[in-house]
Amino acid sequence: MHKGKTLYKSEKCEVINCTSCGFAHVNPLPKQTDLEDFYEKKFYQNVKTSYFDDYERDHDWWKLNYTELLNTMEELHKASPKQKNKKRMLLDIGSGPGLFLNTADKLGIDAMGIEPSLQAYKYSKKKYKCNVVNSTIEGLKGYNKKFDFIHSSLVLEHILDPLAFVEKSKAMLAPNGLFCIIVPNDFNPVQTIIHSLGKPQWWVSPFEHLNYFNRKSLRRLFEKAGMEVVYENVTFPIDLFLLMNQDYLTDPVVGKACHLMRKDFEFNIEKSKSEKFKKDLYKAFSKLGIGRELIIIARKK
Ligand SMILES: [Zn+2]
């Protein structure tokens, strides 16, 4: 039974901080069949028409972030002596346009993706020559190899049963394997302040985003699945721009400018080789509950 405090309410549905699930989600939840139809046929076509072009424009910035994340996973991986000499195996669930897989490949990792959208699947095959399967996680049934790393970015918020998703992924990990999840950090303190100034709760998107996590509820989900959380961080708290009256939500020109500033901020840190400073700064954001997305890495015990 889903119940808890209402965090958002519209005519059609609400978002509740569900006490039985341990995280916030849309109530009532949609049917699985409606969701499948939406992602297979419509997501990249209707919702994200300029998605691939925007993605390529940010190629170097994505590459920088992916490299940092993969290096962090490599550092955290407690490989046994036998595993150390072998190539790492990585699975990217929801591999999208394929640049994460491509970055992993270039770092000497044996990377494979699964992607339910036919458009994104085809794109990643053609553009990056990725090893990718056009499927959801269910389609990998019967696949016996275990992975050292599993990565899933901006997927969990769309899924009907997040705990089942984490458990299924855990079953595909080798001993000591690491699972990295990235999700939007919603109902965060910056958003709450801006909402109190009269802006609507723009981060709520009831059909696309079913689940709304914060640092605590995301950690709880992994612990429920019997995994050990070994790393927590966030991405740049872009919502701070809204507090500076830079309304990137309604004005695409402002949106582009804010995105460019955020990229420059991170490129300049990279240029000065201050990667540790960036990690520490973002960890401080994470402790405050701010940052646009949450990054969590958990280990299979
Ligand atoms: Zn619930």
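Biologist: Which residues of α5 are buried?
Modeller: In this predicted model, the buried residues of α5 are Leu99, Phe100, Leu101, Asn102, Thr103 and Ala104. That makes six of the eight residues of the helix, which spans residues 99-106, so α5 is largely enclosed by the rest of the structure.

Biologist: And what follows α5?
Modeller: The helix is followed by Gly108, which has a positive phi, near 85 degrees.

Biologist: Changing topic, what are the protein donors of the zinc ion?
Modeller: The zinc ion has His2 through ND1, Cys18 through SG, Cys21 through SG and His25 through NE2 as its protein donors, and these lie 2.1 to 2.2 Å from the ion. Along the chain the donors follow the spacing H-x15-C-x2-C-x3-H.

Biologist: Why is the arrangement called tetrahedral?
Modeller: The angles subtended by the four donor atoms around the zinc ion run from 97 to 120 degrees, which makes the arrangement tetrahedral. For comparison, the ideal angle for four tetrahedral donors is 109.5 degrees.

Biologist: Is Cys18 buried or exposed?
Modeller: Cys18 is buried, as is His25. His25 also stands opposite Asn211 in β9, and strand β3, residues 24-27, is joined to β9 by two bridges, with the two strands running antiparallel.

Biologist: In what order do the strands of that sheet come?
Modeller: The open sheet has four strands in the order β1-β2-β3-β9, with antiparallel pairing. The edges are taken by β1 (4-9) and β9, each with a single partner strand, so one side of each has no neighbour in the sheet.

Biologist: How many salt bridges does the structure hold?
Modeller: There are 13 salt bridges. One of them joins Asp186 to Arg292, with the closest N and O atoms 3.1 Å apart. This pair links distant parts of the chain, 106 residues apart, since Asp186 is in the loop between β8 (173-184) and α8, while Arg292 is in the loop between α12 (275-288) and β11 (293-300).

Biologist: Are those two buried or exposed?
Modeller: Asp186 is buried, with a relative accessible area of 3%, and Arg292 counts as buried at 16% relative accessibility.

Biologist: Which residues are linked with Glu232 in a network of salt bridges?
Modeller: Glu232 is linked in that network with Arg215, Arg219 and Glu223.

Biologist: Last one, what makes the nonpolar surface patch?
Modeller: Ile193, Leu197 and Leu243 make a nonpolar surface patch of about 300 Å². Leu197 sits in the loop between α8 (189-196) and β9 (211-212), and at 68% relative accessibility Leu197 counts as exposed.

Conventions: Residues are numbered from 1 along each chain as its sequence is written. This is a predicted model: local features need pLDDT of at least 70, side-chain atom pairs count only at pLDDT 80 or more; totals for chains, interfaces and linings use all residues. Side-chain values use heavy atoms; hydrogens and water are left out. Patches are made of residues with over 30% relative accessible area and no salt bridge: like charges are joined within 9 Å, nonpolar side chains (Val, Leu, Ile, Met, Phe, Trp, Tyr) within 5 Å. Accessible areas come from the Shrake-Rupley method with a 1.4 Å probe; for residues, only the protein chains shown count as cover. A salt bridge is a side-chain nitrogen of Lys or Arg within 4 Å of a carboxyl oxygen of Asp or Glu. Buried means under 20% relative accessible area, exposed over 50%, partly exposed in between (1.4 Å probe, protein chains only). Donors are N, O and S atoms within 2.8 Å of the metal (3.2 Å for Na, K and Ca); water is not among the atoms, so sites may look incomplete. Four donors count as tetrahedral if all angles lie between 85 and 135 degrees; four count as square planar and six as octahedral if opposite donors are over 155 degrees apart and all others between 65 and 115; anything else is irregular. Two strands pair if DSSP finds at least two bridges between them.
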